[in-house]
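Reader: Hi! I'm new to this one. Could you walk me through it?

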Amino acid sequence: MNNPIRLYMSMSLDGYIAGPDDRPGQELGRDGGRLFNWLDDRHSDGPSGQVYREALATGALISGRRTFELAGRWQGDHHDGVPIFVLTHQVDDGDVPPGHARFVTDVEDCARQARAAAGDRPVMVHGAGAAQALPRAGQLDEMEIHLVPVLLGNGRRLFDHLGGDHIELDLVRRLEDRDVTHLRYRVHHRPEEAA
């Protein structure tokens, strides 16, 4: 696939992407910053540097609304001025997102717009809301999980609300680095989704 829609998320071994009580001023929750220690090596020539450069080479971003708000709306620019598509249940009158961001209420329309905007580059996905909405709609192609060897024990889980459908994955890449294993999975689409 030329421009896959690919989730990029750091996750604890017990499935958490943020510690408990994630909120403005404590965006990663208590002890959630532990999941991002691998970013200390983001400028290296090693696996974490490679994964980081790949993430920044994406041509568009899909984010859940909660992630977008907790991130301070990225001041309208996540990286290199790429379009930001924010999945949200509703858009309030007068709420205009900054910079390159726009709100989208339909998952399939969001995926379509993001692919078109990304051109031949992958689309990055951030946040648990988007990570759950996209596969439910058959619109997530790959997952890049930065698996961190820690058990947070509590907080915000990545895949709490996927629904009852079984989703098969193929491991297509595994990169080991200090304090993280970068795992890339390809999502199996059901026949009706591939049509």
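Author: Happy to; we can go through the sheet, a few of its elements and the pocket. This is a predicted model, in which local features need pLDDT of at least 70 and side-chain atom pairs count only at pLDDT 80 or more, while totals for chains, interfaces and linings use all residues. Residues are numbered from 1 along each chain as its sequence is written, and side-chain values use heavy atoms, with hydrogens and water left out.

Reader: Great. What is the order of the strands in the open sheet?

Author: The eight strands come in the order 5-4-3-6-1-7-10-9, with mixed pairing. Strands here are DSSP runs of E with at least two residues, helices are runs of H or I with at least four, and both are numbered from the N terminus. Two strands pair if DSSP finds at least two bridges between them.

Reader: And which strands stand at the edges?

Author: Strand 5 (101-104) and strand 9 (169-177) do; each has a single partner strand, so one side of each is left without a neighbour in the sheet.

Reader: Let's pick strand 1. Is it buried or exposed?

Author: Eight of the eight residues of strand 1 are buried, so the strand is largely enclosed by the rest of the structure. Buried means under 20% relative accessible area, exposed over 50% and partly exposed in between, using a 1.4 Å probe and protein chains only.

Reader: Which way do its residues point?

Author: Ile5, Leu7, Met9 and Met11 point one way from strand 1, while Arg6, Tyr8, Ser10 and Ser12 point the other way. In a regular strand, side chains alternate between the two faces of the sheet.

Reader: How many bridges join strand 1 to strand 6?

Author: Three, and the two strands run parallel. Val123 in strand 6 is the bridge partner of Ile5. Strand 1 also pairs with strand 7 in the parallel sense, over seven bridges, and there Tyr8 stands opposite Glu144.

Reader: Switching topic: how much space is in the largest pocket?

Author: About 1,200 Å³. On a 1 Å grid over the protein atoms alone, a pocket is an open set of points where a 1.4 Å probe fits, with protein on both sides within 12 Å along at least five of seven lines, and lining residues have an atom within 4 Å of a point. Grid points are joined across faces, edges and corners, and the volume is the space filled by probe spheres set on the points.

Reader: Which residues are closest to its centre?

Author: Of the 44 lining residues, those are Met9, Thr67, His126, Gly127 and Ala128.

Reader: Which helix gives the largest share of the lining?

Author: Helix 4, with six residues. Seven of the nine residues of helix 4 (128-136) are buried, so this helix is largely enclosed by the rest of the structure. Among the buried ones are Ala128, Gln132 and Leu134. Gly138 follows helix 4 and has a positive phi, near 70 degrees.

Reader: One last thing: where is Trp74, and what is it in contact with?

Author: Trp74 sits in the loop between helix 2 and strand 4, and is buried, with a relative accessible area of 15%. Leaving aside neighbours within four places in sequence, Trp74 is in contact with Leu61, Ser63, Thr67, Phe68, Ile84 and His126, where contact means heavy atoms within 4.5 Å. Thr67 and His126 are also among the residues closest to the centre of the largest pocket.
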